[in-house]
Amino acid sequence: YSYLCDTYGNAIISGQQESTWVDGEQYECTTFRIDGSYTDSRHPDRVIFTQKLAEDLKRRDFTVNAMAADPLLQGEDGEITDLFGGREDIKSKVIRCVGEPRTRFTEDALRILRAVRFATVLDFQICAETKKAAQELGARLENVSAERKKTELEKILLSDRANSGVSLLCEMGLSKHIHPNIKTPTINISSLSNVSNNIPCPPSFSKRSVGVREYFTESPAKY
């Protein structure tokens, strides 16, 4: 196999097709680390490598993403390290920040949009404290690059619960910080593929994604 390391201690490991260890798949491996402050509200100014799993997990965004599995241990309780109640939040269908929500959203404002995306796609609820912090810091989304917001927004719009996701963005006052045309839906966004049959569809786009663009664009002919 081969690997490529970056400055944050991540390694992309690629195996050959005949490799039984990776079975032709690509895996991303990383060291445990502690992040420093986030001056640019996205990347840590520095990272400190650590051998403590707990230090790595507590820098994660949401409890449902802050669990670790050890494939070498046996038994249901031994396989999962869950220090922040992630499994309970999954059972309760709740999106909750790890630690202080304002700290997590200040580190990277895209997490605000990710919270809405997870709640939409998974049919979860955002807990009150996390939701309040997201609303208060929503304006920070304006400093996030359009490309990063686009990725999260497309996952919301192309989900089966797109109407709920867009309605949540509007309810929380976040839509104005993302795109001026995002309003509370008046039609079923998930059925928009039906309105795009006469619009040229680039190979990289599904009919549904073109329909979504048509709905949220003042001049759909541009697309």
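## Burial, salt bridges and helix packing

Ala 66 has a relative accessibility of 0% and therefore counts as buried. The model described here is a predicted one. Ala 66 sits in the loop that joins helix H1 to strand E6. Apart from neighbours within four places in sequence, Ala 66 is in contact with Leu 57, Arg 60, Thr 81, Phe 84 and Val 98.

**Overall architecture**

The protein has nine helices and nine strands. Its chain comprises 223 residues, of which 38% count as buried. When contacts between residues at least 6 apart in sequence are considered, 54% of them join residues at least 24 apart.

**The nonpolar core**

The largest nonpolar core contains 32 residues, and those with the most contacts inside it are Phe 62, Ile 95, Phe 105, Ile 112, Val 116, Ile 126 and Leu 169. Two or more residues of this core come from each of H5, helix H6 (128–136), H7 and H8. The greatest contribution is that of H5, which gives seven residues.

Not counting residues up to four places away in sequence, Phe 62 touches Ile 95, Arg 96, Cys 97, Val 98, Phe 105, Arg 111, Arg 114, Ala 115 and Phe 118.

**Packing of H5 against H8**

Two packed helices are described by the distance between their axes and by the angle those axes make. For H5 and H8, the axes come within 9 Å and cross at roughly 145°. This crossing of H5 and H8 is right-handed. On the H5 side the contact is made by Leu 113, Val 116, Ala 119 and Thr 120, which meet Gly 165, Leu 168 and Leu 169 of H8. Sorted by class, the contact of H5 with H8 has five nonpolar and two polar residues, and no charged ones.

**Salt bridges**

How many salt bridges does the model contain? The count comes to 17. In one of them, Arg 114 pairs with Asp 61, and the closest N and O atoms are 2.9 Å apart. This pair links distant parts of the chain, with Arg 114 in helix H5 (residues 110–122) and Asp 61 in the loop between helix H1 (53–57) and strand E6 (67–69), 53 residues apart. Asp 61 counts as buried because its relative accessible area of 9% is under 20%.

Arg 87 and Asp 82 form another salt bridge, with an N to O distance of 4.0 Å between their side chains. Arg 87 is partly exposed at 31% relative accessibility, and Asp 82 is likewise partly exposed, at 22%.

A further salt bridge joins Arg 161 to Asp 123, with the closest N and O atoms 3.1 Å apart. The two residues belong to distant parts of the chain, 38 residues apart: Arg 161 lies in the loop between helix H7 (146–157) and helix H8 (162–171), and Asp 123 in the loop between H5 and strand E9 (125–126). Turning to a network, salt bridges that share partners connect Asp 61, Arg 114, Arg 117 and Glu 152.

**Two further positions**

Ala 54 is located in helix H1. Its C-alpha atom is separated by 9.7 Å from that of Met 67, a residue 13 positions away along the chain.

His 177 is placed in the loop between H8 and helix H9 (207–216). Leaving aside neighbours within four places in sequence, His 177 is in contact with Gly 138, Ala 139, Leu 141, Glu 142 and Lys 149. Is His 177 buried or exposed? At 13% relative accessibility, under the 20% limit, His 177 counts as buried.

The table lists relative accessibility for residues discussed above.

| Residue | Relative accessibility | Class |
|---|---|---|
| Ala 66 | 0% | buried |
| Asp 61 | 9% | buried |
| His 177 | 13% | buried |
| Asp 82 | 22% | partly exposed |
| Arg 161 | 28% | partly exposed |
| Arg 87 | 31% | partly exposed |
| Asp 123 | 33% | partly exposed |
| Ala 54 | 37% | partly exposed |

Methods: Residues are numbered from 1 along each chain as its sequence is written. This is a predicted model: local features need pLDDT of at least 70, side-chain atom pairs count only at pLDDT 80 or more; totals for chains, interfaces and linings use all residues. Side-chain values use heavy atoms; hydrogens and water are left out. Helices (H or I, at least four residues) and strands (E, at least two) are DSSP runs, numbered from the N terminus. Buried means under 20% relative accessible area, exposed over 50%, partly exposed in between (1.4 Å probe, protein chains only). Axes are lines fitted to C-alpha atoms, for helices over the stretch in contact, and angles run from 0 to 180 degrees between N-to-C directions. A crossing is left-handed if the near helix is turned anticlockwise from the far one by less than a right angle, and right-handed if clockwise. Contact means heavy atoms within 4.5 Å. Ala, Val, Leu, Ile, Met, Phe, Trp, Tyr, Cys and Pro count as nonpolar, Asp, Glu, Lys and Arg as charged, and the others, Gly among them, as polar. A nonpolar core is a set of buried Ala, Val, Leu, Ile, Met, Phe, Trp, Tyr and Cys residues joined through side-chain atoms within 4.5 Å.
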